[in-house]
Structure formats: structure tokens, C-alpha cells
2 protein chains.
Amino acid sequence: MRNNTIFQEKNHTVFAPDRVGALMLPRPETFAPDRTVDQVIARLREMGEGERRVERCYVTDDKGRLLGQASFRRLVLAAGEAPMGTVMKPPFLTVCPEDDRETAAQMMEQFDLLELPVVDGRNRLVGLVTADDAMAVLQDEATEDMERMAAMAPSETPYLQTRVVTIFRSRILWLLLLMLSATFTGAIISGYEDALAAQVALTAFIPMLMDTGGNCGSQSSVTVIRGLSLGEIHLSDWARVCAKEGAVALLCGGVLGAVTLLRILLLNHLSLAVAATVALTLVLTVLISKLMGCLLPLAARRAGLDPAVMAGPLITTVVDAAALLIYFRTATLLLGL
Amino acid sequence: MRNNTIFQEKNHTVFAPDRVGALMLPRPETFAPDRTVDQVIARLREMGEGERRVERCYVTDDKGRLLGQASFRRLVLAAGEAPMGTVMKPPFLTVCPEDDRETAAQMMEQFDLLELPVVDGRNRLVGLVTADDAMAVLQDEATEDMERMAAMAPSETPYLQTRVVTIFRSRILWLLLLMLSATFTGAIISGYEDALAAQVALTAFIPMLMDTGGNCGSQSSVTVIRGLSLGEIHLSDWARVCAKEGAVALLCGGVLGAVTLLRILLLNHLSLAVAATVALTLVLTVLISKLMGCLLPLAARRAGLDPAVMAGPLITTVVDAAALLIYFRTATLLLGL
């Protein structure tokens, strides 16, 4: 339902699709501040219904610089002979055509704006963003983030209208990359083959350790990715975020570790050393995966990449290797393998 | 940034927070169809700026039933003596207070509406939803879906303002549940301990098989969950969705299986039987996880549950067990364990 007005006429810049310039309705009708309300209404009558989606009258000076805006409601309520300069309100917020369209839409949501004026470097009104376009942007960006978080290239068309080959292409690259990365995890296991052969029971806990690490990492990464996207978390908060995730990790790790220790002792009837190895690995894995889950998206943002890529699938692969290394090191220490 | 007007005055129903009734601005000012534009403007002047967020005039009959609506722009352009009945447009879409607020917001986004009238069972105007509230709903719902997909209970407050204990509580239950479910996967490994001891090389491929299955399942489930949420996929499409995911799975599985087969033969220098076991397991795992990834969210919707719960973490756990069962069965057949 996107309704981009691509700004492509001659002598005009073409903006990338994620910029405000590609989203805005270009060059809305403007009025001089000395025009009276009656004159404006007469002009609007001439124009007829025109661009029905515009819900504000914009007032500019003779250089086209934005002075203010008035809703049609204000126009209805004002005296006919009042000049627009007295009826208008100064612009509350403006954006530039080069700004990110998601940021503009977020601002409109945050400040309950139905229209957002777009001005150039000299404060000249060059377009406006409407609430319905902002809604479409927020939906599109949320969908894109979810697709990236699930290791897919964002799609442009609705699912049922997308060809199988297109879906395949949006998915296969990440799958291949992550599968080959998992080779490292396999190599770690191969490196400890003798230890595993000596203590075969240890193998049975590998899925649980890997899955729990992946789940903990997903929780933290999605929290941070969404927080960054909503503007609730900023790069400068990184230390607070890490401290918070660290504390949550210790609480989660403590509970999960205790449950695992008891379960192995009481249900699996394995030795305390095995139980301690698994439980300790679990606590450390939870800690590492929660810290990875918050640091990797922050690092991506810092590097100018999309933080949404640093979600579940990638973190799972990284954390798997870490979990297994910890597991085998701990086993070597506690079980003397 | 939610701006819910909870409808709680005496003699009025209190609506659940996810219903339109809890979101709408209640009882907007209405006008009779025989009122002229000038009379309406005079009344608006009396009211002053009033509820600034309302951008439409609503016309109702003497029973309060919605007849139509007019933007302030139409009011400005209409002749002063014209009765509202001739100026108004019939309502394009309406919702009920009992409707889901997400559905209402989606409708507004889809049809580019700035306001959506809310009517009761007798078509009486009881409120309206504004575009800025719809934007907030779309953002909230996307955040909730992402949190559920990452196995968390949705949070109400921004991350940095949420206490560590609250974050812990929103995460630990799912972690525990998924960890205990992974026990089944461990039990499968324990059941095949002898086979693994005989062919230790097989263990090294377990992380890759599990991760790839999880990633494939995440891709499909997020696609279907988001498609359901955006109204691009409906329950009745289940057969088409499964056929599509099945086809994508065969393509993805084919590529991943071929790469794995070559890699094991050329780089790991293992026997063709081992390579074939791993590759065949991979193809079947991809197929099963993609089908699970689309069927589980559809089944959740069918059962009246939130499909977002059936995402990566839960599907990974289910698919892990399936992948290992296939692995060991294939190994038994091809390697004669």
C-alpha cells in the first residue's frame, strides 16, 4: 500500500527509496502571509478538490521559505479578512528530503502529526509527508526488520504474489552463509572427539545448550534492535544496555542453571561433576549470548549497518561455537578428560 | 506514545485494551443533515479549538446513526447555505468498538484514511479512531509480534525504563519451557549413543543440521506470521502457502544438500555414505522445518492463538528433534549402524 511519489522531474534530484524525498508529495500549494483567509478560500475553490490528501495550508515568504501552516479547521474558524500570517501556526517540526523516511515517520507517530513539512537547506518548502504515507512506512520498515531478523532479504511484493524463485533467492544466501559458519561449530566438536567418546553422555546436552544460548541471544538482540528502531535506545546507551542485559543474564542463567543441575542429578542420575559441567556451561552461555545479543546490533548500528541483521540466526551461530568451547573446556577441567 | 482514551464513564462498557473501544475518541460532535455549512461553522466557532485532533465533521440522523462525513476542506469549499446532507460523503468504512484495534489500524493504513468512524450495532456513531492513534497501534503491534517471535512476553514500557526484574520475568518462562523441551532432543541423542560411539564423525554435523533447520523454520514462520498480520495471507490460503513453502524448501534443500555433499567429500574426506547421510538429512530437515514454519502459525491462528508465538525459538526446538530422528534413521539405513 506504499504510495511513494518519486521525485523525478527534470532539474530535480532523484532520491533513494528510503529517503523522505522519495516519499513526500512534492511542491504543495503555498500562500503568502498577507493573503486573507477569504482569498485563500477563493483560491482553494478555483483549485477544486485538488490533492485531497493535503490537510494543511502552508504559508511561505516570497523566497518560498516556510513561515507556518494552518489546518483547514483553523481556516474555517478564522475571520474571513484575517491575513494568513496571523492565522497560521509556526511549523512544529520539519525534515529534509535527504532524511531517512523511517525517522520522519517515527517523528510523526511520536508527536501525533498528520502532516510533516519537508524543507531544503534554505528552509524552502519542497514537499510534505502525509500520515497515511507515514503509516505505510512504519509497516514496511517493521516488515523489513522482521525479514532481516529471520535471515531473509526484504521482499517487495506480498507473499502470495511473489514467485517461488524470488522467495528462494531472498533466503538461500543467508542459509548458505550460516550453514558454512556452523562448520566451525562442527570443527570444535571434531577437535574434542576423544573427550566425547570418553564421556558420551555429554553429547546429549549439546542441543539444549545450543538452543538455550540461541534463545537468550534472540531475546536480547530483538529487544535492542527494536529499541534502536523506535528511538528508545541510542548508541550512547551501550553501557547501560550491557549492564542491564548482564544482570538479566545472571538472573536467567541462575534459574536455568539450577533447574538443569537438579534435573540431571535427580532424573538423569549422572555424576555431580557432569551436572556441574552442564550447569556451569549453561550459565556462561546465557551470559555470553545475552551480551552478544545486545553488543552485535549496537556494533552494527555504529558501523552504519542495519542492526536487524544481528538477530537470532547469526547470533545463534556465533553463540553455538562459544557454548561448545566453554562446554569442552569446563568438561576438561571438571571431568579431567 | 500510545494515546488511548479509555472509555470508562458511567453507563459505558469498559473495553479490553486491544479493542477499538479502548482506543477511540468517544462521542465526537455531530451535526444534523439539514444544518447548513454556515450553521456548522458557527457551532464550531462556539466550540473553539476543541478537540484539535478531529479532522472531520460527522453527520448523523436524529437517532445518532451515521449518515456521512465531511472534511474541513470540503466545509471550506462548500457554499455557506448548503445543507450538510449535500456536502457530506457517505462513510467509506466503519468499525465496531468490539473490533480488534490492529485490524482497524490496518484498514486505515490500507485505505489511506485519516479518521475511521466507530459505530455500534445500530450504526450509531460512538467514536472515531485518528491516524496518529492508528500509527501508535501499528508500532505497538509490530513490537509485540517481534517480542513474541523472540520468545518474550510483550513489555509495556520502553527498555531503559523497565526494571531488570521485569525484563527477567518477561523472558524466563519461555526460556525454561524451551530448555525443558530440548530435553527430548537430548533423549534422542542418548537413545543413539551406541551409533554415535561407532561413528563419532556424525556428531560434528549435529550443530549444522540443527541450526539450518532452525533458520529455515524461522524464515517460513516469520513470512507467514507477518503475512497474516498484514492481511496478505488468510487461513483459507493454507494449501497455497504450504505448496509455495514446499517448493522453496526443495530448492533451498537441494542447494544446501549439494554444497554439503561436496564439502564433506572434498574437505572432510569422509566416505560417500556419511556425506549422503548428512546431505539427505539436510534436505529432509529443510523440507520439514519450512512446512512446520508455515503450518504452526496457521494452526495457531486457527485455534485463536497469536501466530507470533510459533516463531523461531519454538520451531527450532521442534525441528531439532525431527532433524536428529531423521539423522539417526538415515545413518542406520545408509551406514548400517
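**Second cavity.** I sorted the lining of the second largest cavity by class and got six nonpolar, two polar and no charged residues (Ala, Val, Leu, Ile, Met, Phe, Trp, Tyr, Cys and Pro go as nonpolar, Asp, Glu, Lys and Arg as charged, the others, Gly among them, as polar). This is a predicted model, where local features need pLDDT of at least 70 and side-chain atom pairs pLDDT 80 or more, while totals for chains, interfaces and linings use all residues. Residues are numbered from 1 along each chain, chains are lettered from A, and side-chain values use heavy atoms, without hydrogens and water.

A cavity here is a set of points on a 1 Å grid over the protein atoms alone where a 1.4 Å probe fits but cannot get out, and lining residues have an atom within 4 Å of a point. The space in it is about 70 Å³, counted as filled by probe spheres set on points joined across faces, edges and corners.

**Largest cavity.** I read a volume of about 320 Å³ for the largest cavity. Its lining has 26 residues, with A:Ser218, A:Gly312, A:Pro313, B:Ser218 and B:Gly312 nearest the centre. By class I noted 14 nonpolar, 10 polar and two charged.

**Symmetry.** I laid chain A on chain B and got an RMSD of 0.1 Å, with a turn of 180° and a shift of 0.0 Å along the axis (least squares on C-alpha atoms with pLDDT of at least 70 in both). That is the relation of a two-fold axis.

Definitions and conventions. On a 1 Å grid over the protein atoms alone, a cavity is a set of points where a 1.4 Å probe fits but cannot get out, and a pocket is an open set with protein on both sides within 12 Å along at least five of seven lines; lining residues have an atom within 4 Å of a point.
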